[in-house]
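Have a look at the fold first, then read on.

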Amino acid sequence: MKAITKQSKIFLLILLVVAILIRIDYHSWQKVVITNDTGSYLRCADKILMHWQILDHLRTPVYPLFLTVNFVLFGYQKFIPVVIIQSLLGIASIFLVYGIT
């Protein structure tokens with residue numbers, strides 16, 4: 001495990017603040033984006049919710065499972081929690097990338 005220097009900590013903190021500010025700015029003016037493939041992910045999440053059927057030949061199961069868990073916890077097709085959690089995962093990826101470099 002590598003030692004974290006004071007300079008590295010400052011760089012990581014600046015990177016973290018920039019990532020948070022970019023997400024806050026983006027989500028302050030951008031509405032939830034529904035794209036062409038959104039429907040297929042939602043259908044997969046519906047299959048999981050209604051029939052416990054995870055297999056689908058078009059989609060990998062991880063993102064529909066993520067949607068399903070969000071819908072169970074926060075309400076059916078409530079997308080704001082999905083956006084918030086995705087943003088937090090994006091911010092957390094800074095630490096993952098930093099840790100492997």
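Let's start with a helix pair: Y63, F66, L67, N70 and F74 in α3 meet P81, V82, I85 and Q86 in α4, where contact means heavy atoms within 4.5 Å. By class, this α3 contact with α4 has seven nonpolar, two polar and no charged residues. For the classes, Ala, Val, Leu, Ile, Met, Phe, Trp, Tyr, Cys and Pro count as nonpolar, Asp, Glu, Lys and Arg as charged, and the others, Gly among them, as polar.

Before going further, some housekeeping. This is a predicted model, so local features need pLDDT of at least 70 and side-chain atom pairs count only at pLDDT 80 or more, while totals for chains, interfaces and linings use all residues. Residues are numbered from 1 along each chain as its sequence is written, and side-chain values use heavy atoms, with hydrogens and water left out.

α4 also packs on α1: S8, L12, L15, L16, A19, I20, R23 and H27 in α1 meet V83, S87, G90, I91, I94, F95 and Y98 in α4. That contact has ten nonpolar, four polar and one charged residues.

Here is the geometry of the two pairs.

| Helix pair | Axes come within | Crossing angle, roughly |
|---|---|---|
| α3 (residues 62-74) and α4 (residues 80-100) | 9 Å | 125 degrees |
| α1 (residues 6-29) and α4 | 11 Å | 160 degrees |

The axes are lines fitted to C-alpha atoms, for helices over the stretch in contact, and angles run from 0 to 180 degrees between N-to-C directions. The angle makes α3 oblique to α4, and α1 comes out roughly antiparallel to α4. Angles under 35 degrees count as roughly parallel, over 145 as roughly antiparallel, 65 to 115 as roughly perpendicular and the rest as oblique.

Now for the cores. Which residues make up the largest nonpolar core? They're Y41, L42, A45, F66, L67, F71 and V82. Two or more of them come from each of α2 (38-51) and α3. A nonpolar core here is a set of buried Ala, Val, Leu, Ile, Met, Phe, Trp, Tyr and Cys residues joined through side-chain atoms within 4.5 Å; buried means under 20% relative accessible area, with a 1.4 Å probe and protein chains only. Leaving aside neighbours within four places in sequence, V82 is in contact with Y63, F66, L67 and N70. Apart from this core lies another, of six residues, including L16, A19, I91 and Y98.

One last stop is T68, found in helix α3. With a relative accessible area of 8%, T68 is buried. Not counting residues up to four places away in sequence, T68 touches A45, I48 and L49.

How values were computed. Helix = DSSP H or I, 4+ residues; strand = E, 2+ residues; numbered from the N terminus. Buried < 20%, exposed > 50% of the residue type's maximum accessible area, 1.4 Å probe, protein only.
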